[in-house]
Amino acid sequence: TPKSEDQEIAHIQVAPVEAILAPGQTTPYQVRAYNKLGQFLKVVDAEFSVEGGGEISADGTYVAPETQEHTPVFVTAKVGDVSSTARARIIPTLPWSFDFNDKQVPVTWIGAAYRQQPKDVDGESVLVKVNTIPLGTRSQSWMGWTTLSDYTVQADLNSTIQESTGERADMGVINQRYTLDLMGKNELQIRSWTSRLENRFAKTIPFEWDENTWYTMKFQSENHDGKTTLRGKVWKRGTEEPADWSIEATDDVPNTTGSPGLFGNAQITSFYIDNVKVYDNK
């Protein structure tokens, strides 16, 4: 059906529908109108409102709030009786720190709320990796800017054990599209984000560790001379941080930017996450 036969607005769409913004950053929004068949008609003027902070002008120019909190914002446009809402994540500059004392999964994290839930463990509020999701044993979640580089991710992690099989979780942190993975088979691995390790970059070393024990993991990326060096260390939480890195590797064909995040693989067991920090190396 030619859209010229139906010019009545039945649906509108605010664009961009998803955005990551820095505090105080300005971005334009526009409203696209469609008929009942989903055919694009035109860009239209709309009445805007915003929830979560910041200001938006009549022409759709949005200014993010000046905040150091990780904040979700919802921009709504209305044309007649139809409306549409877009979401923005306000992500401040480093450093970041999350302790989960509010018993919430950070709302600006991507891929986290579906696979992780707040839980009280030994008197402290932490996140637990859900292991009952069909086809959801592996978990990756991200915290913010994909343009970050040369930073450090740190977190406290703790795996249970399946007594009948001795199985423990694989758990770790993500930095600049690399993963530092404390593996249940007593290995520590740095790898690129690609799934085919034999075709890409990885380094693995033996590393003995105990279940039902909190460990602190630290993972650092450094770009230099067209390469990226990754350094990781793991130690029992509450003990002195070791001076030397546990594992180090240099990628000659590097990922030079990427969002910080968390990794886990738990089929039967659970693992816990606490005290996540991300900070610049300088």
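Let me begin at one pair of residues: in strand 10, the residue that bridges to Lys78 is Ser83. Strands here, like helices, are DSSP runs numbered from the N terminus (E and at least two residues for strands, H or I and at least four residues for helices), and two strands count as paired if DSSP finds at least two bridges between them.

Before I go on, please keep in mind that this is a predicted model, in which local features need pLDDT of at least 70 and side-chain atom pairs count only at pLDDT 80 or more, while totals for chains, interfaces and linings use all residues. Residues are numbered from 1 along each chain as its sequence is written, and side-chain values use heavy atoms, with hydrogens and water left out.

Back to that pair, then: strand 9, residues 71–79, runs antiparallel to strand 10 over 9 bridges, and in the hairpin that the two form, with 2 residues between the strands, Gly80 adopts a positive phi near 60°. Strand 10, residues 82–90, also pairs with strand 2, residues 18–21, in the parallel sense over 4 bridges, and here Ile90 in strand 10 is found opposite Leu21.

Turning to another sheet, 3 strands in the order 1-4-5 make up an open, antiparallel arrangement. Its edges are strand 1 (11–15) and strand 5 (40–44), each of which pairs on one side only. Neighbouring strands of this sheet are turned by 25° against each other on average, direction ignored, where axes are lines fitted to C-alpha atoms, for helices over the stretch in contact, and angles run from 0 to 180 degrees between N-to-C directions. Within the sheet, strand 4, residues 30–34, joins strand 5 through 4 antiparallel bridges, and Tyr34 faces Phe40 of strand 5 across that pairing.
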